[in-house]
Amino acid sequence: MHQDLVENRKWISEEEYKEGLALAQLAPGPLAAQLAIYLGFVHYSFLGATLIGVAFVLPSFIMVVLLGIVYKLYGGLSWIQAVFYGVGAAVIGIIVMSSYKLTIKSIGKFNLTSFKTNWLLWLFFIVAIVVTLVTQQEQVLLFVLAGIIYMFVKAPPKWFNGKTANSIVLLQVGFWSYDNSTLMKIALFFTKAGAFVFGSGLAIVPFLHSGVVVENQWLTEHQFVDAVAVAMITPGPVVITVGFIGYLVAGFPGALVAALATFLPCYLFTIALAPSFKKIAQNKSIKAFVDGITAAVVGALVGAVGVIASRSILDIPTTLIAIATIFALLYIKKIQEPYIIAVAAVVGVVIKLVL
C-alpha cells in the first residue's frame, strides 16, 4: 500500500499514511484492513471508507467461498496441500523480512545506541515475542498495558494525578454456552476475533485455532491447516480464512456471518476514530501510548512467525525455501512477493510429486 499509494501514485501523503498506520495499530482488528479503510476515509470520508472496505474484502471472500464449495464436494484439496507445502515456507520468509523492517521502522535499529535509548520499547518487544510464542495467541491486555506504561513514563497526560481507572471492557469468555444456534456462535466468536485481536492478519491464526479446533471443535486439525492454506494462496487479506471456515461449518450463511463479524468491528472502529484522529495523533501522550502499543504489536508479530512456522516449516526442503525467500528479498531489490509465492507453489508441487 505504501509503495503503490504513497510512492508511485502519490494519492496519499506520507503523513496521512503514518497516521493511518498509527490508528490501525491503536485499534483492534486486522491491521491491513483498517489501514485501507482509513486511507479511503482520508479524501472521501464515509463513502470512501465503505467502498475501500468492500473492495478490500469482497474478491478474496468470493474466492474462498468457491474453494469451500469445491472442498465440500470433493472432501479435500490435495493439490492445495502440495501448493501450501512450498507457499507456507515462503510466506514465513516474507513475514520474517516484513517483521525485521517493521521493527527497525517502529522501534529502532538493532544496535547498542537504540537498545539504550529505547530500552523500554525493546523490553515490550521481547516480552510480546515470548508471550506470543508461549500462549500461541495475542494478548490484547499486554498491548494496552505497554501503551499505558510508556505513556505515563514518556508523556504523562495533564489530567494525570496518580490515579487511573481501568475502562477496558472484556467480552465474556463462554459466549457459546448461552445459545445453541450455530450461526449465533459463529457471529459471536468471529466478532470477538475481529474486535480483540491486534496486528497483522497472520497473528489471528493462533486465536482462530484455539476457538475453531480446540474449544468449539468445528474443524479438525487437517481442515484448519487447509483453511489457512486457502487464505495464503488466494490474494487479499489472510484473515479471509474466516470465510472458508464459516462455509465449512454452516455453508454460505456461515461464511457471510463469519466475514461480516470479523471485519465489521475494525470498519466501525476506523470510521469512528478517523475524523478526530488527526488532532488526537498530535497529542504527545497519545503518541507515547501508540509507541508502546506498537512495540508490543511488532513483538507479537515476530512471535506469531514462530507459531506459524511450527505449522509450515516441516522438513529440510521447506527450511531451504524459507531461507531462499529471505535471501531473495534481501538481495533482489525489485522482486515482488507474488512472484516468490508462485515459484514456491511450483516448487512445492514438484517436491510432492517427486516424493
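Biologist: Is Phe125 buried or exposed, and how do I read that?

Modeller: Look at its relative accessible area: under 20% is buried, over 50% exposed, and in between partly exposed, using a 1.4 Å probe and protein chains only. Phe125 comes out at 6%, so it's buried. Trp122 is buried too, at 5%. Keep in mind that this is a predicted model: local features need pLDDT of at least 70, side-chain atom pairs count only at pLDDT 80 or more, and totals for chains, interfaces and linings use all residues. Residues are numbered from 1 along each chain as its sequence is written, and side-chain values use heavy atoms, leaving out hydrogens and water.

Biologist: How many aromatic pairs are there?

Modeller: A ring pair is described by the distance of the centres and the angle of the planes. Rings of Phe, Tyr and Trp (its six-membered ring) pair if their centres lie within 6.5 Å; planes under 30 degrees apart are stacked, over 60 edge-to-face, the rest tilted. That gives 10 aromatic pairs. One of them, Tyr100 with Phe110, is stacked, at 5.8 Å and 10 degrees.

Biologist: Where do Tyr100 and Phe110 sit in the chain?

Modeller: Helices are DSSP runs (H or I, at least four residues), numbered from the N terminus. Tyr100 is in helix H4 (residues 78-106), and Phe110 is in the loop between H4 and helix H5 (112-117), 10 residues apart. Tyr100 is partly exposed at 41%, and so is Phe110 at 44%.

Biologist: What about Trp122 and Phe125?

Modeller: Their centres are 5.4 Å apart with planes at 85 degrees, so that pair is edge-to-face. They're three residues apart in helix H6 (residues 119-135), about one helical turn. Tyr100, Phe110, Phe115, Trp122 and Phe125 form one aromatic cluster.

How values were computed. Helices (H or I, at least four residues) and strands (E, at least two) are DSSP runs, numbered from the N terminus.
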